[in-house]
Amino acid sequence: MLNGEKKIARPLRWAMIGGGRTSQVGYKHRTGALRDNTAFQLIAGAFDIDAERGKEFGVNIGVDENRCYPDYRTMFTEEAKREDGIEVVTIATPNGTHYEITKAALNAGLHVICEKPLFFTVEEGEEVKELAEKQGKIVGVTYGYSGNQMVLQMRAMIEQGKIGEIRVVDLQYTHGFNATDQGEKTSAAQKWRVDPKVAGPSFVLGDLSTHTYYMSELIMPEMKIKKLLCDRQSFVGTRAPLEDNAFVMMHYENGAVGRLWTSSINAGCMDGQRIRIVGTKASLEWWDSKPNQLKYEVQGEPAQTLIRAMPYMDETCNADERLGALHQEGLSEAWANIYLKFAVAIDAKNRGDEDTLKSLVYPDIDAGIQGIRWIENCVRSADNGGVWVEFETKKLVQA
Ligand code: NAI
């Protein structure tokens, strides 16, 4: 159980790029990183593309005004001159900026925590992975809900054979916020999401399904996709070529099959991330609307609802417990769990502690690259007419 006591010798000196006043995701990062006072301290930032607004915002959340910088390059240069300069930076800017900023941060000797989708191409991911290794730095990726303990519970139960052999994987991440075209009222955050220059080769596949795909990999590390078929649509035509809805069918190497639905036009849907894994003996199901519960349904027996933090849960699940049973946890705790693991990973990397790094389960650069690979394969299938494609694990060649 976690109680906020230190896991590393001292808190890491942390800065943010983006995540300012108008940002959708910035506060999630801060609630995650700062939940444990012993993991990170926010001491600097280039919080906004608008330098003045960024500075005002930084001061309002308690950052020294001299360390609220007009842009990330100035921040890297100025912080490098200080003995107490930043050691790790979070990148919470639109997708198209991640690659350049991550490279600049690594070259400045910083660890990086970056938003998803990590970059546009697997090649970029491999290049940055090499750079991170050369620099001896961590790159973490914020698949937020993957820090929910139930994900580890599912992983443990599958590993222990509690559901038998996996046959069917049923994944969903949908919402309805883009059910209609908002025209001139479209928010800035939504506009860039359908601009391929800023968003990359996909909208909902990258924006939503990378989370659920990563969680499925975490839950079933042995399951590898052999081939997939993706069909994507732009129900609001102005979003084309980027999709606001997509279906993906998967065939796994062990003979299992899967499907994933991702959408931003699922009108009325407010809690749309579901994961159901069907085995030969039983099924497991998690739904973000009830994140403290896990359905365990054994064929022929009464269905069970497993509750977070109870003593019957796996020790890997309860190790990330914070509030105890009876009290609800959710997205904020999931983010805090991920950030705590980033802190432990960074500390281990700094100390050359490979054992700790190997035993930590958290979204690292490989998870980020795998997310890009997922998008590339889906787009390749969809743009060739919705055909089955081998799931390429190496550099993709256009079919
Ligand atoms: P947004 O458009 O709401 O906010 C972007 C922020 O970045 C703004 O504060 C803007 O001023 C700032 N910014 C843009 N360029 C900058 C630059 N060069 N330097 C400094 N600041 C800059 O975008 P949103 O929705 O917050 O998304 C940001 C990233 O987070 C995206 O990659 C998105 O995919 C990801 N995201 C992840 C979520 C998750 O659950 N992990 C949830 C929402 C978004």
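The numbered points below go through the domains, the ligand, the helix pairs and a few backbone details.

1. Before you start. This is a predicted model, in which local features need pLDDT of at least 70 and side-chain atom pairs count only at pLDDT 80 or more, while totals for chains, interfaces and linings use all residues. Residues are numbered from 1 along each chain as its sequence is written.

2. Two domains. The protein chain is divided into domain 1 (12-144 + 358-364) and domain 2 (148-323 + 369-383); these bounds come from an automatic or database domain assignment. Their C-alpha centres lie 26 Å apart. Across the boundary, 17 residues of domain 1 are in contact with 19 residues of domain 2, where contact means that the C-beta atoms of two residues, placed from the backbone, lie within 7 Å. The side of domain 1 that touches domain 2 has 9 nonpolar, 5 polar and 3 charged residues. In this count, Ala, Val, Leu, Ile, Met, Phe, Trp, Tyr, Cys and Pro are nonpolar, Asp, Glu, Lys and Arg are charged, and the others, Gly among them, are polar.

3. The ligand. Which residues are the closest to the ligand? They are G18, S23, Q24, E115 and A189, out of 25 residues that surround the ligand; a residue is near a molecule or strand if its C-beta atom, placed from the backbone, lies within 6 Å of it. The elements that give two or more residues to this shell are β1 (12-18) and α7 (188-193). Such labels follow DSSP runs, numbered from the N terminus: helices are H or I with at least four residues, and strands are E with at least two. By class, the shell holds 9 nonpolar, 11 polar and 5 charged residues. Why does the ligand lie between the domains? Both domain 1 and domain 2 give residues to the shell, so the ligand lies between them.

4. Helices α3 and α4. Two packed helices are described by the angle between their axes and the distance between the axes. Helix α3 (residues 72-80) packs on helix α4 (residues 98-107) at an angle of about 5°, and their axes are 11 Å apart. The axes are lines fitted to C-alpha atoms, for helices over the stretch in contact, and angles run from 0 to 180 degrees between N-to-C directions. That makes α3 roughly parallel to α4: angles under 35 degrees count as roughly parallel, over 145 as roughly antiparallel, 65 to 115 as roughly perpendicular and the rest as oblique. Y72, R73 and F76 in α3 meet I101, A104 and A105 in α4, a contact with 5 nonpolar, no polar and 1 charged residues.

5. Helices α4 and α5. The angle here is about 15°, with the axes 10 Å apart, which makes α4 roughly parallel to α5. Their crossing is left-handed; that is, the near helix is turned anticlockwise from the far one by less than a right angle, whereas clockwise would be right-handed. From α4, Y99, T102, K103 and L106 meet E124, V128, L131, A132 and Q135 in α5. This contact divides into 5 nonpolar, 2 polar and 2 charged residues.

6. Helices α9 and α13. The axes of helix α9 (residues 204-219) and helix α13 (residues 365-383) come within 9 Å and cross at roughly 120°, so α9 and α13 are oblique to each other. Their crossing is right-handed. L205, G206, T210, Y213, Y214 and E217 in α9 meet A367, Q370, G371, W374, I375 and C378 in α13, and these residues divide into 7 nonpolar, 4 polar and 1 charged.

7. Backbone details. Most residues other than glycine have a negative phi, and most peptide bonds are trans. The K116 to P117 bond is cis, with omega near -20°, and P117 lies in the loop between β4 (111-114) and α5 (122-135). The A240 to P241 bond is cis with omega near 10°; P241 lies in the loop between β7 (225-233) and β8 (245-252). A309, although not a glycine, has a positive phi of about 75°.
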